[in-house]
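Reader: I'm new to protein models. Could you show me how to read strands, pockets and exposure?

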Amino acid sequence: MAKIQYGFSQDPELLNDYLKGGCLLTEEEGLFLAWETDPELVKAALPPCLDYVNNKVSVYVMRIGRTSFGPAFMEAALMLDASYQGKVGMYAPSFLMYGPGAESATVMGREIYGINKKYASDIRLTKNGDTCTISIERGGRLVFNTECELGKYNDEAAGMAAFGMPKKGDGGPGSAYFFTYDAHQDKETKNIIFDAVHLNDTVSVTTNTEDWIPGEVKYIEMEDSWNDPWSYFTVNKFIGAGYAHQELFMTEQIQHRNVGEPNAIMAKLVNSKFDLAAFGKSTRIINADFN
């Protein structure tokens with residue numbers, strides 16, 4: 001193991017120790033929930049190289065207490081099921097991070113494979129007895145707000161299909177689909193040109209460290225947000241929720257290069273990866289703390 005030195009000059013051998021043995025997240029605690037939306041909304045949101053699986057939308061909010069790359073943080077994700085060449089995995093239009101470890105969580109670990117992450121203003125999960133509430137704020141908007149009551153799923157059959165009823169020690173591998181891209185600035189127009197898009201199938205093993213507790217979604221509220229449009233996915237039917245304690249260990253990364261016409265894919269990733277100020281929708285946040 002190379003010795004870490006103070007300053008901006010490190011031994012190249014140190015790179016051999018970057019997330020050595022894989023990305024590890026432990027002491028995870030939080031809430032999952034799911035609902036059914038319009039199938040056409042899901043189909044329209046998927047990058048064209050991914051195939052539609054179902055009309056389920058899932059959200060989780062977790063406190064990630066210990067990792068192999070930084071301090072604790074809160075993580076919220078908006079997720080869809082999708083498939084690539086027949087292999088079903090998770091595609092996340094949005095990840096939002098908050099807390100001391102949010103910066104390292106955004107730029108390290110699986111982020112080198114293109115995970116869509118932004119900083120949130122606040123992510124809060126409160127559990128009082130069997131009642132759980134979530135609030136997610138970013139850019140002055142309440143992106144997501146919900147209350148769930150632990151005990152049973154809204155729809156038993158749909159809840160079991162979506163989540164099952166994992167016991168302590170249960171777990172297994174799963175794929176998540178992320179995108180990286182190549183780009184350059186055109187000398188004449190000064191515009192950014194997207195040259196190629198690559199899909200990364202990241203395989204991780206998730207293990208439940210305590211029994212899963214099923215839950216019932218009482219309500220979901222989402223304010224419209226141009227930069228984080230979670231409200232795009234209408235809530236047609238609650239499936240259920242679940243309170244979990246987990247850990248995640250990344251085991252494999254499979255890269256598929258040049259998976260389609262770059263602009264067609266990037267158009268689906270605009271809100272996932274960027275805020276719209278970069279595309280001409282001017283943003284100004286007036287706050288005396290920063291004047």
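This is a predicted model: local features need pLDDT of at least 70, side-chain atom pairs count only at pLDDT 80 or more; totals for chains, interfaces and linings use all residues.

Reader: How many bridges join strand 1 to strand 12?

Author: Strand 1 (residues 24–36) and strand 12 (residues 237–256) run antiparallel and are joined by 11 bridges. Within this pairing, glutamate 28 has glutamine 246 as its bridge partner.

Reader: Which sense does the pairing of strand 10 with strand 12 have?

Author: Strand 10 (residues 192–208) pairs with strand 12 in the antiparallel sense, over 10 bridges. Look for threonine 206, which stands opposite leucine 248 of strand 12. Strand 11 (residues 213–221) also pairs antiparallel with strand 12, over 3 bridges, and there glycine 215 faces alanine 241.

Reader: Now for pockets. How is empty space found?

Author: A probe the size of a water molecule is rolled over the atoms, and this shows where space is left empty. Here the largest pocket has a volume of about 950 Å³. Its lining has 34 residues, with Phe32, Met79, Met90, Thr206 and Gln246 nearest the centre.

Reader: Which strand gives the most to that lining?

Author: Strand 9 does, with 6 residues. By type, the lining of the largest pocket holds 17 nonpolar, 11 polar and 6 charged residues. The second largest pocket, of about 320 Å³, has a lining of 6 nonpolar, 6 polar and 6 charged residues.

Reader: Last one: is tyrosine 6 buried or exposed?

Author: Tyrosine 6, in the segment before strand 1, counts as exposed because its relative accessibility is 86%, and the cut-off for exposed is over 50%.

Conventions:
Residues are numbered from 1 along each chain as its sequence is written. Side-chain values use heavy atoms; hydrogens and water are left out. Two strands pair if DSSP finds at least two bridges between them. Helices (H or I, at least four residues) and strands (E, at least two) are DSSP runs, numbered from the N terminus. Buried means under 20% relative accessible area, exposed over 50%, partly exposed in between (1.4 Å probe, protein chains only). On a 1 Å grid over the protein atoms alone, a cavity is a set of points where a 1.4 Å probe fits but cannot get out, and a pocket is an open set with protein on both sides within 12 Å along at least five of seven lines; lining residues have an atom within 4 Å of a point. Grid points are joined across faces, edges and corners, and a volume is the space filled by probe spheres set on the points. Ala, Val, Leu, Ile, Met, Phe, Trp, Tyr, Cys and Pro count as nonpolar, Asp, Glu, Lys and Arg as charged, and the others, Gly among them, as polar.
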